[in-house]
Amino acid sequence: MYEMVKRNIRCALIVPLALGLLSGDVHSQEVARSGRDVQNVLLTFHLVQADGFTDQDPEISDVVSELRKLFNFEGYRLLATSVFNVGLILNRQETHVTGEGSQRIIAGDSETPFTIRADVSSPRATGAVRARVTLTDVITRQLNPRMGSTERAPLLEASVTIRDGQTVVLGSARRTAGEPVLILVVTPRLDPE
């Protein structure tokens with residue numbers, strides 16, 4: 001029971017990481033953006049596996065120190081990186097810009113793909129976005145290719161408000177009790193050139 005509660009707390013954990021951002025830089029970015037709507041968000045997701053890895057993974061070295069503060073694992077390795085754009089349009093009430101996007105990824109040596117989905121919104125003329133992110137396992141049916149694929153219940157769901165360039169740990173999940181823990185990290189770029 002204690003392990004289940006501990007796991008649920010980790011799944012719901014949303015922690016912003018101020019990686020290399022000085023408070024003055026963040027403030028100046030927000031002031032510069034405050035007069036216009038966000039029109040496009042480039043989302044970079046890192047799917048990280050936590051386990052007994054002893055080698056350093058240079059692709060996630062900037063995140064590992066913060067992961068060690070949150071989780072008690074021996075090591076971490078990058079399984080997959082997913083990058084996709086979400087174009088935002090004005091909603092009917094003309095108070096927010098909204099958009100959505102998703103991407104299917106194969107993580108490491110896994111045969112079962114994942115889907116990352118992001119529903120993004122932003123109040124008009126602000127420098128931050130609200131993202132509702134879902135990580136889902138995808139079951140591919142081998143017997144009848146015409147049936148396509150179906151999705152299981154989400155492994156991880158999180159909602160977070162993030163600024164341009166801010167890196168956020170969305171949470172952790174496990175496919176099954178015997179499999180390693182997966183951690184999802186996101187960094188947005190607002191209106192990338």
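Which residues is Phe-45 in contact with, leaving aside its neighbours within four places in sequence? In this predicted model, the list runs to Ala-80, Thr-81, Ser-82, Phe-84, Ile-116, Ala-118, Val-133, Leu-170, Leu-184, Val-185 and Val-186.

Next come the aromatic rings. The structure holds three aromatic pairs. In one of them, Phe-45 and Phe-84 are stacked, with 5.7 Å from centre to centre and 25° between the planes. Phe-45 sits in strand E2 (residues 40–51) and Phe-84 in strand E3 (residues 75–87), so this pair ties together parts that are 39 residues apart in sequence. Both of these phenylalanines, Phe-45 and Phe-84, are buried. Phe-73 and Tyr-76 meet in another way: their ring centres are 6.2 Å apart and their planes stand at 80°, so the pair counts as edge-to-face. Tyr-76 has a relative accessibility of 2%, so this residue counts as buried. Together with Phe-71, the residues Phe-73 and Tyr-76 make up one aromatic cluster.

On to strand pairing. Strand E4 (residues 89–90) pairs with E5 in the antiparallel sense, over two bridges. Here Leu-90 stands opposite Val-97 of E5. The hairpin of E4 and E5 has five residues between its strands, and Glu-94 takes a positive phi near 60° there. E5 also pairs with E6, again in the antiparallel sense, this time over ten bridges. Val-97 shows up here too, standing opposite Ser-122 in E6.

A polar atom of the Asp-191 side chain lies 2.9 Å from the backbone nitrogen of Gln-39. Asp-191 and Asn-40 are 151 residues apart along the chain, yet their C-alpha atoms are separated by 4.7 Å.

Finally, how far can the model be trusted? The chain averages a pLDDT of 76, and 73% of the residues score at least 70. Over residues 1–34, though, the pLDDT is below 50, and this stretch has 49 contacts in the model beyond near neighbours in sequence. Residues 140–144 also stay under 50, and the model gives them five contacts beyond four places in sequence. Where pLDDT is low, the predicted coordinates should not be read in detail.

Notes
Residues are numbered from 1 along each chain as its sequence is written. Side-chain values use heavy atoms; hydrogens and water are left out. Rings of Phe, Tyr and Trp (its six-membered ring) pair if their centres lie within 6.5 Å; planes under 30 degrees apart count as stacked, over 60 as edge-to-face and the rest as tilted. Helices (H or I, at least four residues) and strands (E, at least two) are DSSP runs, numbered from the N terminus. Buried means under 20% relative accessible area, exposed over 50%, partly exposed in between (1.4 Å probe, protein chains only). pLDDT is the predictor's confidence in each residue, from 0 to 100. Contact means heavy atoms within 4.5 Å. A polar contact is a pair of N or O atoms within 3.5 Å; within protein, one must be able to donate a hydrogen and the other to accept it, and residues adjacent in sequence count only if both atoms are side-chain atoms. Two strands pair if DSSP finds at least two bridges between them.
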